[in-house]
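Hi,

Here is the structure I promised to pass on. Have a look at it first, and then read my notes below.

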Amino acid sequence: MGSHEAYEKLIALLDEHSAEYRTIEHEPEGGTEAVSRLRGHELHQAAKCIVVMVKLGKKVTRYVLAVVPGDRRVDLAAIKALLGGTYVGFAAQDIAERLSGCASGTILPFSFDQQLELVVDPALLENPEFFFNAARLDRSLALATRDFVKIAEPRVEAIALT
């Protein structure tokens with residue numbers, strides 16, 4: 001799935017569920033801090049989306065799409081404990097891009113792949129809306145949090161470090 005395909009799939013999903021969202025055009029940027037400045041919001045309102053690999057023994061690997069507020073970091077130990085893993089690390093870029101359907105820096109807070117479990121830190125959900133790059137470096141969305149929870153049905157767990 002290419003980035004424009006992921007973008008179109010996301011917009012179709014949001015429209016199908018009558019989600020409340022706004023599109024924001026901006027200069028191409030994938031860094032959370034820089035793009036938050038371009039979009040004009042506080043860093044804690046941004047969704048930082050990271051694909052994490054968790055080994056469960058020697059033969060089983062699971063992948064988590066960890067979504068945390070932009071002013072926090074992913075707590076790898078918390079994800080490892082959550083899944084009962086023996087090892088945890090950031091997924092290789094090619095795997096992250098394949099599973100998410102998005103280029104690095106544009107990963108959506110939605111999973112369209114059964115191999116990618118969506119886990120969101122509750123601190124992100126405290127905002128009435130949050131912001132993220134919409135599978136493109138030059139376009140973001142501001143999405144109503146209540147609609148995100150209803151549509152994405154994320155697993156909500158404390159997975160962020162301050």
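Let's start with the hairpin: strand 2 and strand 3 form it, with three residues between them. G57 sits in that turn and has a positive phi of about 80°. Keep in mind as you read that this is a predicted model.

How many bridges join strand 2 to strand 3? There are ten, and the two strands run antiparallel. Strand 2 covers residues 47–56 and strand 3 covers residues 60–69. If you want pairs to click on, A47 stands opposite P69, and V51 stands opposite L65.

On to the rest of the sheet. Strand 3 is also joined to strand 6, this time by five bridges, and these two run parallel. In total, five strands form an open sheet with mixed pairing, in the order 5-2-3-6-9. The edges are strand 5 (87–90) and strand 9 (155–156), each of which pairs on one side only. Strand 3 is mostly covered, with seven of its ten residues buried.

Next, helix 4. Which of its residues are buried? They are A96, L99 and S100. Looking down the axis of helix 4, you'll see these buried residues fall within an arc of 90°, so they line one face of the helix. The general idea is that an α-helix has 3.6 residues a turn, so residues three or four places apart point the same way. The face turned away from the buried side of helix 4 carries the exposed residues D94 and R98. As for what covers the buried residues of helix 4, that includes strand 2, strand 3 and strand 6. Just after helix 4 comes G101, which takes a positive phi of about 75°.

Now the inside. The largest nonpolar core has 34 residues, and F110 and F132 touch the most other members. Helix 1, strand 2, strand 3, helix 4, strand 6, strand 7, strand 8 and helix 5 each supply at least two residues of this core. Helix 1 gives the most, with six residues. Apart from this core lies another one of twelve residues, among them V52, V54, L83 and V88.

Leaving aside neighbours within four places in sequence, F132 is in contact with residues including L10, R39, A47, F110 and L141. P109 is on the contact list of F132 too, and P109 is worth a stop of its own. Where does P109 lie? You'll find P109 in the loop between helix 4 and strand 6. P109 is buried, with a relative accessible area of 0%. Again leaving aside neighbours within four places, P109 is in contact with C49, L65, V67, L118, F130, F132 and F148. For a sense of scale, P109 and K59 are 50 residues apart in sequence and 27 Å apart in space, C-alpha to C-alpha.

Last, the charged side chains. As background, side chains of opposite charge can pair when their charged atoms come close. The count here comes to eight salt bridges.

- R146 and E20: their closest N and O atoms are 2.7 Å apart. R146 is in helix 5 and E20 is in the loop between helix 1 and strand 1, 126 residues apart. R146 is exposed at 54% relative accessible area, while E20 is partly exposed at 47%.
- R139 and E25: these side chains meet at 2.8 Å, N to O. R139 lies in strand 8 and E25 in strand 1, so the pair ties together parts that are 114 residues apart in sequence. R139 counts as buried at 16%, whereas E25 is exposed at 51%.
- R136 and D138: this salt bridge comes to 3.0 Å, N to O. R136 is buried, with a relative accessible area of 14%, and D138 counts as partly exposed at 25%.

Is R139 buried or exposed? The cut-off for buried is under 20%, so at 16% R139 counts as buried.

There is also a network of salt bridges linking R62, E117, R155 and E157.

Enjoy looking around!

Definitions and conventions
Residues are numbered from 1 along each chain as its sequence is written. This is a predicted model: local features need pLDDT of at least 70, side-chain atom pairs count only at pLDDT 80 or more; totals for chains, interfaces and linings use all residues. Side-chain values use heavy atoms; hydrogens and water are left out. Two strands pair if DSSP finds at least two bridges between them. Helices (H or I, at least four residues) and strands (E, at least two) are DSSP runs, numbered from the N terminus. A salt bridge is a side-chain nitrogen of Lys or Arg within 4 Å of a carboxyl oxygen of Asp or Glu. Buried means under 20% relative accessible area, exposed over 50%, partly exposed in between (1.4 Å probe, protein chains only). A nonpolar core is a set of buried Ala, Val, Leu, Ile, Met, Phe, Trp, Tyr and Cys residues joined through side-chain atoms within 4.5 Å. Contact means heavy atoms within 4.5 Å. The arc is that of the directions from the helix axis to the C-beta atoms.
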